[in-house]
Amino acid sequence: MPDGGSRVTLRLDEPLPVRDAAPELAVDGHVIGAAQESPDGLSLVVETTDPGVAAAKRVEVAWNGVVPGSAASTRRSAAAPITPKGLQKKQLYTDPAQPGPYQVERLDYDLGDTATTLSGLSDLPAEIRGAVYAPTGAKGPRPVVIFLHGRHSACYNPTTRGTNNTNWPCATGFIPIDSYLGYTETAEALATHGYVVVSISANGINAKDASFTDDNGALARGQLVMDNLDLLANWNTTEGHALSGRLDMSNVGLMGHSRGGEGVVEAALLNAERKHPYGIQAVLPLAPVDFGRPTLPDVPMAVLLPYCDGDVSNQQGQHFYDDTRYSVQDDVLRSSLMIMGANHNFFNTEWTPGVSIAPSNDDWSPASDEVCGSAAPTRLTSAEQRAVGTVYMAGFFRLVQGGETVFLPLFDGRNGTVPSAGRAEVYAQAQQPGSRRLDLAPLESAAANVSVTGFDLGAYCYSVAARVRPGDTPCSATTATSKVPHWTPATFAPAVPISPVLRLQWSESSTDPAVRVAFGPGEGNVKKYDALTFRVARDESAVGDVDLAVTLVDKKGASATVRVGDVSPALTPFPASTNTSNGISRLGKTWLRTVRLPVSSLSGVDVTSVRELTIQPATPTGGAYLSDIAFDSPGVGGGGATSAVQVSIDDATVAEGDGPGTATMRLALSGKLKEAATVQVQTAASGSSSAGQVPAQSFPVTIPKGATEATIQVPLVGNTTVNTASLRYKITISAPVGAVIGDGFAWLTVLDDDTA
């Protein structure tokens, strides 16, 4: 590579196993970046300026920051293990997994393996194929739910049982793997209650997204969803068609599994661009990836995260929740749920050994792990996992699309449960609609009404240690990002700051440590709200018992105090395994949980005239992460296609110059900004020539109020050396505030302007 960079290529004897996570390369055990796969799947390439690769002794494949088979470095506490407190579950009277009054008829369609071409897939062909589960005899137009599966092998040989994911249509002797048929139990549960569920096939994308897309197929998957919605809308108005008049296209829900999760978020954003959008009312990413960190405001969302995910083990889909919370002022419910004992694959029967037709596997390894191994008592069976998946998927769509508020406690942080969930433990984060919420202290950065005093460490943190700017406080020191879903770096925006929270550490020598939040004018009357809420987790450095005490003080000085440990398990640790024989340390995760303190329980304080909230340690030593202090009342709110302005970045071509300089790139806006907006820019994002004239870095760009377009200045390092070719760099915009992302990827071509 020119200008001192290096291209690291790893040649493989056989293609990698097909996973939803993006592969990385590690040199001598150190991960150097996400890798670009060759079309035949037999080589991986990373271009880097890391000087350590020049003397490389070993190059290996890594996943989610971990090199399988390497020696683990796990800090262990000498303290006795802590038994987490159980959830105080709220039993619901209605079970969304139980069948309803309607019989189900199948109205499947198949337009062939090459029925569409997708610009997000370099105009390569893909199939239009769907399984339709419709309620027999249901009158009038019915709500529509689209299911989109994730990345799995596209084809298999039924004789040899071998799989193939480099050809589409399938090569001779191979047939498609019907991943789209793997959600029948959930689809039928919804259809018996009057919903039309359409599960669509995406094998054509899966076979090509590693080599022919800028975004690992997110745009293509969104386009495929929209193509199928267009087809359904056409049939809905076609006299004599079996679906004629049966579809309510103003009431649509989307579920996407794994890479399909990012795909349905992209579909909702594509839908919002249309002059006449469909009524997408609910989006549910299931064990999703989030490579580009888009946001999705204005649409109720529930993110489902399986604790024993062995594929997307860093549970990066948590970013959909974190990034969208305050991105715009909207009025919808957001929820993120951690399902203990569930793996990545078993929500889909076609990805589950013993019930699938094509080859499949348990994505978690090792099987002997005492927390997530196949024989561990805390691991759900495949049937149990599908059952709890049906509870939360069917429950969410019936809550949002059907208005069945009985299911709200499953998602709003009140720890609802139903018999079909069985023994599964499910933990929640929830943000209520804006109109039902008083945000006292988001705790993303310093604020005038918040004081933090007396702690050994009391600072706002973000990201992991390797990804913070000099002088800033990281939220985690770990390199095993699977342990910290909030702070795992995004594949295409690895240096962009992520998920800021308040980090607290204290000891017996700390002097009166406290977080104090003052109430502003008109904020002291909280009687109308259901609860005081916040998100909290124990600090990764903490050992032994950790607890906090929350105190409200009214204007007359009366107070009420509640210990977090008395009402919530949020400060107890998640289970960790001792098995590190394969070098993977993915458990003992740090994940914030929502704590709800009912206003009705705050006896002794006048809840019509509160003046201050104080959070103090309730144990001699400890540490905690704290976020999102608010008063709220549960609700769904009103959602639909977002009206937020979409920001896109255009390609550009520039001459390199002879020294330091900048390249101007244009940001296009879909409308005029009513308020200023911010996007985060990542230069030399994964998949581009990260060595040479464009250094890899991130920086924010503010777009002023009233703007309809803007520009960004990308740093260049020019030279006087003759290069053999021009270089291209992927530039990414992500994590917007005050807007949403349209096309978040662009290529900056830097021309060599030196002569021999």
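How many salt bridges does the structure hold? It holds 30, a salt bridge being a side-chain nitrogen of Lys or Arg within 4 Å of a carboxyl oxygen of Asp or Glu.

A word on ground rules. This is a predicted model, where local features need pLDDT of at least 70, side-chain atom pairs count only at pLDDT 80 or more, and totals for chains, interfaces and linings use all residues. Residues are numbered from 1 along each chain as its sequence is written, and side-chain values use heavy atoms, with hydrogens and water left out.

Now some pairs. Take D113 and R129. Their side chains meet in a salt bridge, 2.6 Å from N to O. The two sit 16 residues apart, linking distant parts of the chain. D113 lies in the loop between β9 and β10, R129 in strand β12 (strands are DSSP runs of E, at least two residues, and helices of H or I, at least four, numbered from the N terminus).

Are they buried or exposed? R129 counts as buried because its relative accessibility is 9%. D113, at 22%, counts as partly exposed. The cut-offs: buried is under 20% relative accessible area, exposed over 50%, partly exposed in between, with a 1.4 Å probe and protein chains only.

Next, R596 and D632. Their closest N and O atoms are 2.9 Å apart, in a salt bridge. This pair joins strand β33 to strand β35, across 36 residues. Both R596 and D632 are buried.

Last, a network. Salt bridges with shared partners join D322, R325, E444, R535 and D628.
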